[in-house]
Amino acid sequence: MPDDLLINAADEVRIRQHLALVALGKRSATRAIHVGRLLDVNGRRWHDDQEIVVSGRRIAWVGPAGKYPGVVDEWVDRSHLAAVPGFGEVHKHIESSHLTPEYEAALVLPHGCTWTCEASHEFSNVNGPKNLEFWLKARLAGSPMKIFPLPGSAVPPTAYEWGGGHFGYDEQREFISNQMMVAGLDEVMDWPAVWNPDNPSYQRLWGMIRATFEQRGVVEGHAAGMRAIDDINAFAAAGMASDHEAWTPEEVADKLRRGLFMEIRPHSLKEIVTGLLADGQQDWSQFALCTDDRSCSDTMKLGGTDHNVRLAIEAGLAPEIAIQLVTINPARHMRLTPWVGSIAPGRFADLVLLDDLASLSIAEVWADGAQVSRGRDYVGALPRIEWPDWATQTVKIDRELTAADFAIVAPDGRESVRAALLRPFHWTDDFITTELPAVDGLVQRDAARNITKFAIVDRFSGEGKTARMFWLGTGPKTADTALACSMGHDKHNIWVVGSSDAAMAQAVNALRKTQGGWALVRRGELVATVRYEVGGLMTCRPAAELDAEMQALYREGESIEWMYEPTFSPRWWPGFPERLAFATLTCAPWRWVLVAPSPLAPEGFVNVATGKTHSIVW
């Protein structure tokens, strides 16, 4: 039987020819797994006393125990357990676990997740040319996790950002035509560039959409903050197939009615499901559950895809429907049903074996026809990958930064200036302005008013170009303290927030040495680092080892006084400002943002909806 770690048309024909003969009993099977119950997600029906006959990594035959007509090399008795299909993620950023794919697989497979549609604009923005090679590497090395990459539409996220990767029609056509594992186009986030022909990203984005349509791939959407009916209609009319950004039952209902496939995330899942059930929702075929972003530390505490399913059950969905939302529904939407989504012939032999349905208690997980977990323990293959320099040497800053790189000079030697302010998750049309003092020609922070300094440092050109401005309600009040990180959605330049310019430079220089991650400087001393040596986003280590570093970082952070504005802050504040990694987003519904200096935004301060720029101080 041909090797089928990856999916390609020539091998697929030979595999199917072989499986047909195994199903007829004309060739021997690798093993048969006897289960007490089996959930057919295609018809949402349970079948008792079933056998699943496997050849290699695929299922060849499913039916009543003892009825298979052929010879089996190995018989496996799991008649005390119930089988459901391996769980899938319709939309997930593996980079947000901060583990390389082989270690991510070892973390989530015991939680039932055997396949993932990887929304790949994170690593794409770090190294676009090597993006597909990166996502297929672990699978080719023997990892049982199936990763279906979707090249990032947000490469770069907007026309005002650059470096690392640039995807358009030619790149997407090559990705999607050369490898069947590529399922479509990652979430299209830059909505102003989709509808507005004058936007500088218009041609690039429509080129990617065209290439996806040509190969009948799926164009995934991102409709954050989109509530107006006209906008939702335009979004669907433009070819966006889905949205994972809805927060309320009403928003979901409006988008569902316009034909969007709804991908529900955990933080709003219970409210959405209970609200829709109360409103009489009966057909759940246009829904899936999705994790989107979850750190390995949170997965260790909460679970993986199984956590999402349990939330849906707790909200009132029947367990069978909740399971459909992570199996057949996402597989249908992503056009992957020949390979994943159900326990059926031709599919990969991925099984979640339950000892209790109501609590979704997982006894074992099988992937590629072999057992990969026992309880919460991973027992499958964990390939050792020596990631090359193109993956591990991605923080390219060829000089030591100094306090001067973060200083903001007052115009004309004035003693006070007007200054532009942003705050975390600032989605309004206008930025904030305030008066700030200048001392010795430099504009000063104002800790008494929760005003600190935030900066984005380019990590792609080697020059360390820096955009800096004042922010409200974030960062440290403690003197000579700064926090820096190389994971800053979605461009993933280095962001740094600090109470002194010298501390900011010290934190960024620490990341130059580690090739990415987190760096915390307290009162002029580097007190904690977390290493993301692969892409500046992930580490090639077990989850427990990374979690230990993160917990050490949090402990050091507890001794620092952090700013926050109760009126404006999301629920993730106060405390250690980890969510600043998402406050650098430039997609809808953001307006004014700070990006690394670029030709269209020389100071880095730009309105991504209009292209207008503005001075930081005046």
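**Close-up 1. Tryptophan 115 and its aromatic partner in the predicted model.** Tryptophan 115 has 0% relative accessibility and therefore counts as buried. Phenylalanine 148 is likewise buried, at 0% relative accessibility. In this model, 23 aromatic pairs are counted. One of them joins tryptophan 115 to phenylalanine 148 edge-to-face, with 6.2 Å from centre to centre and 80 degrees between the planes. Tryptophan 115 belongs to strand S6 (residues 113–119) and phenylalanine 148 to strand S7 (residues 146–150), so the pair ties together parts 33 residues apart in sequence.

**Close-up 2. The ring pair of phenylalanine 425 and tryptophan 590.** The ring centres are 6.0 Å apart and the planes stand at 55 degrees, so this pair is tilted. It links distant parts of the chain, 165 residues apart. Phenylalanine 425 is in the loop between strand S17 (416–422) and strand S18 (432–439), while tryptophan 590 is in the loop between helix H17 (543–557) and strand S26 (592–594). Both residues are buried.

**Close-up 3. A cluster of aromatic rings.** Phe454, Trp471, Trp495, Trp518, Tyr554, Trp562 and Phe576 are linked into a cluster by ring pairs.

**Close-up 4. Nonpolar cores.** The largest nonpolar core has 163 residues, of which Phe287, Ile323, Leu336, Phe470, Trp495 and Trp518 touch the most other members. Another core, apart from this one, has 19 residues, including Ile494, Ala505, Val508 and Ala519.

**Close-up 5. Arginines over phenylalanine rings.** The charged end of arginine 139 is placed over the ring of phenylalanine 348, 5.4 Å from the ring centre. Arginine 579 lies over the face of phenylalanine 582, at 4.3 Å from the centre of that ring.

How values were computed
Residues are numbered from 1 along each chain as its sequence is written. This is a predicted model: local features need pLDDT of at least 70, side-chain atom pairs count only at pLDDT 80 or more; totals for chains, interfaces and linings use all residues. Side-chain values use heavy atoms; hydrogens and water are left out. A nonpolar core is a set of buried Ala, Val, Leu, Ile, Met, Phe, Trp, Tyr and Cys residues joined through side-chain atoms within 4.5 Å. Buried means under 20% relative accessible area, exposed over 50%, partly exposed in between (1.4 Å probe, protein chains only). Rings of Phe, Tyr and Trp (its six-membered ring) pair if their centres lie within 6.5 Å; planes under 30 degrees apart count as stacked, over 60 as edge-to-face and the rest as tilted. Helices (H or I, at least four residues) and strands (E, at least two) are DSSP runs, numbered from the N terminus. A charge sits over a ring if NZ of Lys or CZ of Arg is within 6 Å of the ring centre and within 35 degrees of the ring normal.
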